[in-house]
Amino acid sequence: MDSNGQLSLTVLQGVLPGSDVNAQLLALTVLMGALLLGVAVWLARVENWRSAPLASGGGYGDAGYVSREKPAGLIRWLTTVDHKDIGLLYGLYATIAFVVGGLMVTLMRAELATASSTLIQPGFYNSLLTSHGITMLFLFGTPIIAAFANYLVPLLVDADDMAFPRINAIAFWLLPPAAILIWAGFFPIDGLIPAQTGWTMYTPLSAGVGSGNQANVGVDLMLLGLHLSGVSATMGAINFIATIFTERAEEVTWANLDIFSWTILTQSGLILFAFPLLGSAIIMLLMDRNLGTAFFINGGDSILWQHLFWFFGHPEVYILVLPPMGIVSYVLPRFSGRRLFGFKFVVYSTLAIGVLSFGVWAHHMFATGIDPRLRASFMAVSLAIAIPSAVKTFNWITTMWNGRLRLTTPMLFCIGFISNFIIGGVTGVFLASIPVDLVLHDTYYVVGHFHYVIFGAIVFAGMAGIYYWFPLYTGRMYQRTLGKIHFWLWMIGGNVTFFAMILLGYGGMPRRYATYLPQFATLHQIATFGAFVIFLGGIIWAYNLVVSWLEGPVIEDGDPWNLKNEDMFTAEWDWYERKLQTAVADGGEPDEEVATDGGRPPESVDADGAPDADTDGANADE
């Protein structure tokens, strides 16, 4: 490799004649592979591969497990296989991606405040549009769910750790390189520009056909990053399935498995069937772009990409929405004073959505000219899949009905989830109808519908989970007033933004345009105002998250939400209570002790209020 980064091997010149772009792509790919291999070798050197530490730090001597303390500092986070640590790493990664994607769309909405280009050029707008969608779906949506699942599922099913702890760690460490590849086009590298294909990457545009800049290596790097994120998600899905099937305690049966674990199990099954197909389609697209194959161009079928992509893409929507539904189904009863109404029907509807989700992909393709009889069957299934979602919605509402509601911040986000999900679901039912879809296809109506589900539902449920379990993984409480301000800013800002988009779609405004006709200016300005309200709420959320993590009030009780009073105390809080009792019994860490009389830590008490010195079963390494 010379100083310009060009490969000079004769064999490569035979495969890639005169192609500097392809040589750069191959060189960067080899470099990334070498980096991953180096990380694996280093981990193999510093880790004791003959023993796997348990989450509890317990001592199964006969099985080869040993009890040892975690290393300190950065080494701990680079080498950890503890499901709780990996859950926190997923959460940090997803938060960074969420901030990056949010900044991208804030700049886009600022540009759309005027009808003509003022802040950024249309090409850069297209780059932001592409990267925003991919970032939010693949770098935020899936990892934030993995954060909750990694931390909570072993606690909820009373497992020591994930079934394959090291595979769990590898699945996470594939994600940072994926993000670097996806965002590589924004780095100041000569000859490299970000992809402008749209997040759906439709061929023949994404295959580099035409006079545009889609033959740039930035598109190839983005595709490789997507492929890497898919490998990560697939590895994680296998791990969750194995954990729930094989690592459950004997008393955790299928009949009393919690609703969140049910949704993670269903999501993992969807990932196993959907993500490998996306990986296959990406490989075919990369071969078309670089090796002259004919899957989608050069005589191939460009519509084939849409079939392959949406066979993954629509189950992906449910991959993203089912676990948030599980969070709401889990958290909402805690603040309603009632158990989840119709638990079995919520489980059955989850499984029904998982099955039906693979039969609706072509409703994204009603306008492509496919056989009308085929369109009708997809319309029927698309309408039918609304039924299990409606079952869940009515069960959530019935759970709250005549309940003893406590409007905490997690509860507010659950209620916001339900209201936004109803709007997103109803607007989606209209798009499932062929005559309506032919009118509204590729307009801002679709953008409004999609964001009511993605932001108004999925993100709201994620925030409900973050606030609800914040004491669990930080040992501190957030600022409650700021949490409620955050909710109302997002609730108001989200509805202002996305309802304006629905009205724009009814007016005929096409999506993915950096400029527009003057008659659309007012609604665009309203949408931009709502986006800045969301941005303000995001700043408050980030401030509350960081400051409360560092300086928030220390949790003294293992039941910070008073769940025992409602007979709603669950497994993860029982684990946390035992963790606090262990810290009191052995002195704990300095930042976990709460000074009372004379600086002594408070005496732990059991559910009846009596002193409890029994710490058997608590996690020694906590």
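Biologist: Which residues does glutamate 111 touch, not counting residues up to four places away in sequence?
Modeller: In this predicted model, glutamate 111 touches Ser116, Ser117, Thr118, Leu119, Ile120, Tyr125 and Ala514. Contact here means heavy atoms within 4.5 Å.

Biologist: What should I know about the model itself?
Modeller: It is predicted: local features need pLDDT of at least 70, side-chain atom pairs count only at pLDDT 80 or more, and totals for chains, interfaces and linings use all residues. Residues are numbered from 1 along each chain as its sequence is written, and side-chain values use heavy atoms, leaving out hydrogens and water.

Biologist: Why does glutamate 111 count as buried?
Modeller: Its relative accessibility is 0%, and buried means under 20% relative accessible area, exposed over 50%, partly exposed in between (1.4 Å probe, protein chains only). Therefore glutamate 111 is buried. Glutamate 111 lies in helix H4, residues 83-111. Its C-alpha atom is 9.2 Å from that of glutamine 121, 10 residues away along the chain.

Biologist: How do you know that threonine 106 is buried?
Modeller: Threonine 106 also has a value to set against that cut-off: its relative accessible area is 15%, so the residue is buried. Threonine 106 is found in helix H4 as well. Beyond its neighbours within four places in sequence, threonine 106 is in contact with Phe532 and Phe535.

Biologist: Why does arginine 76 count as partly exposed?
Modeller: Arginine 76 has a relative accessibility of 25%, so it counts as partly exposed. It sits in helix H3, residues 73-79. With residues up to four places away in sequence set aside, arginine 76 touches Lys70, Pro71 and Asp85.

Biologist: What makes threonine 79 count as buried?
Modeller: Threonine 79 belongs to helix H3 too, but its relative accessibility is 10%, so threonine 79 counts as buried. The side chain of threonine 79 reaches the backbone oxygen of isoleucine 75 at 2.7 Å.

Biologist: How many helices and strands are in the protein?
Modeller: There are 19 helices and 0 strands. Helices (H or I, at least four residues) and strands (E, at least two) are DSSP runs, numbered from the N terminus. Of the 622 residues in the protein, 54% are buried. Among contacts with a separation of 6 or more, 79% join residues 24 or more positions apart.

Biologist: What makes H14 roughly parallel to H17?
Modeller: The axes of helix H14 (residues 409-431) and helix H17 (residues 480-506) come within 10 Å and cross at roughly 10°. Angles under 35 degrees count as roughly parallel, over 145 as roughly antiparallel, 65 to 115 as roughly perpendicular and the rest as oblique. So H14 is roughly parallel to H17. Among the residues that meet there are Phe413 and Ile423 in H14 and Phe487 and Trp490 in H17.

Biologist: Why is H5 called oblique to H10?
Modeller: The axes of helix H5 (residues 122-156) and helix H10 (residues 302-331) come within 11 Å and cross at roughly 40°. That angle makes H5 oblique to H10. The contact includes Leu137, Phe138 and Ile145 of H5 and Phe312, Ile319 and Tyr330 of H10. By class, the residues of this contact divide into 12 nonpolar, 2 polar and 1 charged. Here Ala, Val, Leu, Ile, Met, Phe, Trp, Tyr, Cys and Pro count as nonpolar, Asp, Glu, Lys and Arg as charged, and the others, Gly among them, as polar.

Technical notes. Axes fitted to C-alpha atoms, helices over the stretch in contact; angles between N-to-C directions. Polar contact = N/O pair within 3.5 Å; in protein donor to acceptor, adjacent residues only side chain to side chain.
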